[in-house]
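Colleague: I would like a close look at a single part of this model. Please keep it brisk.

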Amino acid sequence: MEIDESLVRDLLRDQHPDLAELPVREVPGGWDNRMWRLGEELAVRMPRTERAPELLRKEYRWLPAMAPLLPLPVPVPVRAGEPSARFPRTWAVVRWVRGEPGDVTPVTRGDHAADALAGFLRALHREAPPEAPANPDRGVPLGEFAARTAGAEEGLALLAEHADPVAVRRTWEDALAAPVRQGPPLWLHGDLHPANVVVADGTLAGVVDFGEVCAGDPATDLSAAWLLLPEGAAARFFRTYARVDPATVRRARGWALLRAAGLIAIGRAGDRGLPGGKPAWGPAGRAALARVLGEPIPC
C-alpha cells in the first residue's frame, strides 16, 4: 500500500483531528516503519512490514512507563492509530527525538558517549516483571540461539571475509563458552545498533525504535559498546556501567559479532541495490568488527 503525505493527513483527520493541520514531512530511513515528522515535536510511524504493528503495540504498552526513568530522550507513544478502511494496520504518533541517525552521523566524542550509553543502560536494565515480553532472538543464551538458527554460522562466514577468520572464530567460541547468566531477566532495548540511536554534537542524543523491547540477558544490549562507540571507548563504557562481570562481557562480544555481521550483510545488499539494503550499514558493521577483535577485553 502506498503511504504518502495525503494518507497520513487523512488518517490524522479521521482519528486525531487536533493534530491534522500540523506540517507533515517524510523522514528518510526506517526498517519496519516509515516515519513522518509531524510539526516540531511529534512523528507518525506507519508500518510497512507484517510484523510492524505488533512491535508498535508493544512500544505503546511498555515505553510510556519506562521513559521517565531513562536519561536520554526516547520516542514515547502519545497517540494510537487504529486499523481502518483507509489503512488496515495499527500506527502511532510518538514524540520526536532530535538528532541525526547514528548510521550516517557517527559518534566522535567517545568518552562522553560512553558515559551517556552506560547511564542509559544502567537505568534501563532493571528487573523485568513476569509479564514482560520475551524475544527468541534477543537476551537468550548464545548457544541456544546458535543451535536453532543457521544465521550465526552464516554471519561468522561473512565476518571471516572482512577479518582474520581465526580471530573471529576464537572470539565467538569464547563467547559461547562463557557461563550463562544467572538471575532474573532484565529489561532490554534489544536492538541497539547505529540506526537506532541519534547523535548530536558528536555524542548520543537519544535512543529510538523500541520494537524489540524484551526481558533477558543484558549482554545483548552491552554489545552496543562496540557497535555504537568509537575506538577505545568500550573500556570506559564498562567502567561506568559497572554492574558487569567478565562472563557477561564475553557474551556481549559474541552478540557484537552477530550484530556486526547483520550490519555488513545489510550494507552489502545496499551496495548491490537490493530491497532492504542500506549502504551506510556496511562501514558501521566493519568498524564494529574491527573494534571487537582489536581492542583488549574490558574486564
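Colleague: Which charged end sits over the ring of Y241?

Modeller: The charged end of R243 does, 5.6 Å from the ring centre. A charge counts as over a ring if NZ of Lys or CZ of Arg is within 6 Å of the ring centre and within 35 degrees of the ring normal. This is a predicted model: local features need pLDDT of at least 70, side-chain atom pairs count only at pLDDT 80 or more, and totals for chains, interfaces and linings use all residues. Residues are numbered from 1 along each chain as its sequence is written, and side-chain values use heavy atoms, with hydrogens and water left out.

Now the ring itself. Y241 is buried, at 2% relative accessible area (buried is under 20%, exposed over 50%, partly exposed in between; 1.4 Å probe, protein chains only). Y241 belongs to one aromatic cluster with W226, F237 and F238. Rings of Phe, Tyr and Trp (its six-membered ring) pair if their centres lie within 6.5 Å; planes under 30 degrees apart are stacked, over 60 edge-to-face, the rest tilted. F237 and F238 are an edge-to-face pair, 4.9 Å between centres and 80 degrees between planes. F237 and Y241 lie 5.9 Å apart with planes at 20 degrees, so they are stacked. Those two are 4 residues apart in helix α9, about one helical turn (helices are DSSP runs of H or I, at least four residues, and strands of E, at least two, numbered from the N terminus). F237 has a relative accessible area of 0%, and F238 is buried too.

Next comes A242, in the loop between α9 (234-241) and α10 (246-271). A242 is partly exposed, at 46%. Its phi is near 75 degrees, a positive value in a residue other than glycine. Most residues other than glycine have a negative phi.
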